[in-house]
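Colleague: Could you walk me through reading a few surface features?
Modeller: Gladly; let's look together.

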Amino acid sequence: AFLLHRQGGKALLLQMLREWMKNRVPVQVLGEIFGYMNKAYAEGIRARQRDPASPCPAFEEGKGESPRSEDRDSDVGYFWKERNSPKRPESWDPTTELPANAVQVFPEYTWDASGLAPRTSPTPEGGGLWLTDEGLLIIDQSSVCEEVFKEVEAEECSSPKYFSSIVVEYIWSLETWHIPREDCINTFLVQLLMYSEPPDYHRLHQFIQFKVVSDQVSTALALLDIEQQYPPAFQLAIDMLGRLEAYDTIVQILLRRGKVVQAVQIWHTFGVKAISKQEITEIATCHQDEQELYTAIQLLTMTTGGPSSEDHIPEFLDQLM
């Protein structure tokens, strides 16, 4: 938590997260850090909502510590035990208490009386970074995704199961502090499970069912790409599109797969206006199942009150008779 108060703290905190993930630090330890980060993040969001013109959101008092710090009974390691250690004496000399691995792990940082700081002079934290009135750094989701998750993934130094557990822990923290999740986090988790070696489709299935992975059209379309490897992915995708009320996309998918009758039923039931009756009949004729086509066209005729002068339904029916 102290790094959120430090000059250059954002870069150091993100680097620390990368190093800990590479060394497989317990997920609950990272969860504590996410809790502190997202507490400041949530307070900044709420302050901006109250006063959009404010360059530095106000820090909202009285919210307490991370929810994880009280309700989880776990060994969170030496870092968190330091919170309860006695205060340093007045004669404390930072050069004599330098952590043994500080410079080795973070060679571009030096240790001084204010703590770890970049060796080169950094840009002032107020220059474009989002801070609270009390000077707490606010680290948003895109920074965590781009500068931590994607960089660690690129180095292929963590197992997919451990890595996905960390991403889920971060999502849990966002939900705890009522922070709307951005698409980048959702997409990253889906791709991590989908394209890992070996792919973990079962875990992805569970995450979708229990709303760990939020509904997105892009996620539904990605699920369709793995249908051959994991057949339940098709129904997962259709269900997700249904929850998103993306009925025009569902109709197009069903038509491309030759499920013409189902496509017509959805088209009629939900009044899909983005796809015309003529488009449906033209796409339907590309499929070889004449019985399916005949049933669909008959259904189209009944649901729309008969063919209009601009429709080609009568000639399609004649060809099928």
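Colleague: Is Val-217 buried, partly exposed or exposed?
Modeller: This is a predicted model, where local features need pLDDT of at least 70, side-chain atom pairs count only at pLDDT 80 or more, and totals for chains, interfaces and linings use all residues. Residues are numbered from 1 along each chain as its sequence is written, and side-chain values use heavy atoms, without hydrogens and water. Buried means under 20% relative accessible area, exposed over 50%, and partly exposed in between (1.4 Å probe, protein chains only). Val-217 counts as partly exposed because its relative accessibility is 35%. Val-217 belongs to helix 10, residues 217–225 (helices are DSSP runs of H or I, at least four residues, numbered from the N terminus).

Colleague: And how does Asp-239 come out, buried, partly exposed or exposed?
Modeller: Asp-239 has a relative accessible area of 36%, so Asp-239 is partly exposed. Asp-239 sits in helix 11, residues 232–243. Between Asp-239 and Ile-250 there are 9.4 Å in space, C-alpha to C-alpha, and the two are eleven residues apart in sequence.

Colleague: How are pockets found?
Modeller: Rolling a probe the size of a water molecule over the atoms shows where empty space is left. On a 1 Å grid over the protein atoms alone, a pocket is an open set of points with protein on both sides within 12 Å along at least five of seven lines, and lining residues have an atom within 4 Å of a point.

Colleague: What volume does the second largest pocket have?
Modeller: The second largest pocket has about 240 Å³, where volume is the space filled by probe spheres set on the points, joined across faces, edges and corners. Its lining has 13 residues, and Glu-153, Glu-156, Pro-160, Leu-192 and Ser-196 are the closest to its centre. Helix 8 gives the most to this lining, with three residues.

Definitions and conventions
Helices (H or I, at least four residues) and strands (E, at least two) are DSSP runs, numbered from the N terminus. On a 1 Å grid over the protein atoms alone, a cavity is a set of points where a 1.4 Å probe fits but cannot get out, and a pocket is an open set with protein on both sides within 12 Å along at least five of seven lines; lining residues have an atom within 4 Å of a point.
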